[in-house]
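These are my notebook entries on one chain fold, taken down in the order I looked things up.

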Amino acid sequence: MSNLVTLQAHSSIGVLRIASPPVNALSRGVVQGIREAVDQFEADRSLQALVVHADGRTFVAGGDISEFSKPDFEAKTYNATLGRIENLDRPVVAALHGTVLGGGLELAMACHYRIAVRDTRLGLPEVLLGLLPGSLGTQRLPRLVGVRLALDMMLSGKPITAAKALECGLVDAVLEPMDNDALLAAAVAHAQALVKQGKGPRRTRERMPSMEGVAPDFFAKALEEAETKKAAYPAPRRIVRCVQAAATLPFEKGEAVEAELFEECRASPQSVAMRHLFFAERAAGKIPGVPSDFTPRAIRKVGVLGAGTMGGGIAMNFANAGIPVTIVETAADALERGLGIVRKNYEASAAKGKLRPEDPAKRMALLTGSLDVAELADCDLVIEAVFENMDIKKQVAKRLGEVCKPGAIIATNTSTLDVNVLADASGRAGEFIGMHFFSPANVMRLLEIVRGDRTDPQVLGTVVRLARTIGKVPVVSGVCYGFIGNRMLEPYLRESEFLMMEGASPAQIDRAIQSLGLPMGPCRMLDLAGLDVAAKVVVERGKAGGLPDDPSYRAVVQKMMELGRFGQKTGAGYYRYEGRTPVPDPEVERICAALAEQYGIARRSEISDQEIIERCVYPLINEGAKILEEGIAYRPGDIDLVWVNGYGFPDFRGGPMHMADTIGLDKIADRLDHYAAERGNRDGYWSRATLLGEMIASGRKFAD
Ligand code: 3H9
């Protein structure tokens, strides 16, 4: 028998024990082990019941996602094994702890009885991977908890608590938190009690799903919603069809429906992309030079310098995680205003039911305002979020270097400036790091962590770990202008502006980009962020000598600033605004035409959507390849995480580098060459990244 699964007798009860760290995922080996253990149990008539139990920190957390892309993958073998467990003629009890997810919950539902410790979470999160529960979860869950809740759980992918599972009939008993040995003993005792009471198997598939609260048009409505709101995703509409099958067809027929639709999801490029992101997120925590067993510094108190929108949002992240924060401002009214906005934010969340009524007060109690930088002296981490200007940030870094206690980590929230220069200014380069939050900082999941040339690995590891504690997706970047995200944004914005001067309207550009699945194209995005802010970044970069020698470069945004068209906040930018609704504005066309004339740019009456996509997105990918070749990003997946979590790149495309693989690197390189020839390769705008050429020559993809 495989050593991943064993069968042992505990007096008259058989214990099937799964031990496949870290999360007991159902790999081929585990499934084979379960099958063999079932064979053994079937043969041993001295055993009166079976307990299914998993070792380590969790019960089975799902099918092994890394096996889903293998050409010979099939769910059939696993499903048949679950069927054999359900068919056993003696009671089977699942002992649940940790995160009982996906294939793990499907295993539990094939057992006849389920008990769980109180902090267990149970769910079917397959939808988040572009999948549906493919091991009869769509058929068994409705039979246990009713059609309504089952569909809800599968469409949201959110797990439920053990208490909720007890209430809805998914588990039979909830036990107070206990260690795994105690859980096993409790499960054996539960099985013995069942035997004593003469209780036999209780097969989920023989039950009828509860239709409580299910109106006659329930499935039609659910399908319509999935097809409109989640049209780009393969799983939601198929989940609805599977649950409908569970509600209306015999189990075996529903099983066939699920098998067919699961396979369609698994093979879809969207699911492949989402699975790629799952592993990218885990890989991003593995940082070269930071040993996996490093000891993180304790972060018990955080300081934030600056109570503006960014500073307030940053502080909320820590308060949300129960970490006290001192916020420092230079003037009392600015401090009061900043804290007031944070309070309103919390109160609005509580009013929407996203927080408990008592939470706003509790979280505000963790925030202390101050006008004195010296009060940051007892903080373990201080993040400056002052105005984006090198001179100001250097002064702030120097002051923090003087004020912070020895061992404290000093971070800058700069989005573009040279972290090494600021680290030097602090006088404590080893403890200095970039923490680039994305606005709104309390909402956006991405945290770009900028590793200075001299950042201590322990400091880096601590900040990455802390980022996860506050619910962020951390991605480490080296030092360069704009780091990973904003550096790649630059050619994207550059081309959108050239396209505007050549005759494409902001609405056409946005429409073309949004057709890829981004929620906003570049023009709406900048109107929202503020064209004044965007233009200042260009101006500052020009002052630092970082702009190409091309007077037409980013000329549109600078003109907009000059004209006071700051975007949504002034009612006009690339669009005119009626409330928050963008309306195409002929004035913008006139401005762009005038700029085109000024810079000798030819106007065209027809620019295709395909050209817009190629000119905005392919140079962005090319920049990503340069970032990799320079070692600024460690992995293509890190870049994908930045774009999906910080810039709204659709997860079902897996990020720009994953998308590049699906388009074909040779095709992208050909189009770069085409535009270089057609448009002139001014300042090397269209030059292929060396890495791109090397990869094409050796037939590699970013996924390799
Ligand atoms: C499914 O079940 C389909 C079925 O319906 C049909 C089947 C036929 N597979 O996240 P962590 C690895 S779909 C493979 O850092 P945490 C992960 O890569 C699946 N590997 O820990 C990492 O590896 P490494 C439905 C997996 O404590 C290590 O475990 N289930 C899987 O922060 C630790 O992970 C899900 O979608 C897996 N299923 O969080 C659950 N899960 O150390 C997905 C984890 O090499 N998993 N790994 O980087 C999770 O949500 C979290 O991992 C979990 C633990 C909450 C379990």
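**Entry 1: the eight-stranded sheet**

I traced an open sheet of eight strands with mixed pairing, in the order β12-β11-β10-β13-β14-β15-β16-β17. Strands here are DSSP runs of E with at least two residues, helices are runs of H or I with at least four residues, and both are numbered from the N terminus. I took two strands as paired if DSSP finds at least two bridges between them. The edges are β12 (367–370) and β17 (473–477), each of which pairs on one side only. From one strand to the next the twist averages 25°. Angles run from 0 to 180 degrees between N-to-C directions, and axes are lines fitted to C-alpha atoms, for helices over the stretch in contact.

A note on the source: this is a predicted model, in which local features need pLDDT of at least 70 and side-chain atom pairs count only at pLDDT 80 or more, while totals for chains, interfaces and linings use all residues. Residues are numbered from 1 along each chain as its sequence is written.

**Entry 2: β13 and its partners**

I looked up β10 (residues 302–305) and β13 (residues 381–384) and found them paired in the parallel sense over four bridges. V302 stands opposite L381, and L305 stands opposite E384. On its β14 side, β13 again runs parallel, joined by four bridges. There V382 stands opposite I410. The β13 side chains split into L381 and I383 one way and V382 and E384 the other way, and all are buried. I call a residue buried if 20 or more other C-beta atoms lie within 10 Å of its own, exposed if 12 or fewer, and partly exposed in between, with C-beta atoms placed from the backbone.

With helix α15 (residues 390–403) between them, β13 and β14 make a right-handed β-α-β unit. Right-handed means that, with the strands pointing away from the viewer, the path from the first strand over the helix to the second runs clockwise.

**Entry 3: the record for this region**

I checked UniProt, where an unreviewed entry lists residues 301–477 as "domain: 3-hydroxyacyl-CoA dehydrogenase NAD binding". Its positions are in the numbering used here, feature names are shortened, and annotations may be inferred rather than shown by experiment. In the model this span is 41% helix and 20% strand, and its end C-alpha atoms lie 25 Å apart.

**Entry 4: β4 and its partners**

I then turned to β4 (residues 92–96), where five of five residues are buried. V92, A94 and L96 point one way from the strand, and V93 and A95 the other way. Strand β3 (residues 49–54) pairs with β4 in the parallel sense over three bridges, and V52 stands opposite A94. Strand β6 (residues 113–117) also runs parallel to β4, joined to it by four bridges; here A94 stands opposite R114. β3, helix α2 (residues 76–87) and β4 make a right-handed β-α-β unit.

Helix α3 (residues 103–110) is mostly covered as well, with eight of its eight residues buried. Among them are G103, G104 and E106.

**Entry 5: the core**

Which residues have the most contacts inside the largest nonpolar core? They are V51, V93 and V382, in a core of 220 residues. Such a core is a set of buried Ala, Val, Leu, Ile, Met, Phe, Trp, Tyr and Cys residues joined through C-beta atoms within 7 Å. Helix α24 (residues 609–629) gives the most to this core, with nine residues. Leaving aside neighbours within four places in sequence, I listed the contacts of V51, including V93, A95, A187 and A191. A contact means that the C-beta atoms of two residues, placed from the backbone, lie within 7 Å.

I noted a cis peptide bond between P21 and P22, with omega about 5°. P22 is in the loop between β2 (13–18) and α1 (28–43). Another cis bond joins S439 and P440, with omega about -10°, and P440 lies in the loop between β15 and β16.

F483, not a glycine, has a positive phi near 55°. Is F483 buried or exposed? F483 counts as buried because 26 other C-beta atoms lie within 10 Å. D683 also has a positive phi, near 50°, and lies in the loop between α27 (665–679) and α28 (690–698). D683 has 13 C-beta neighbours inside 10 Å, so I logged D683 as partly exposed.
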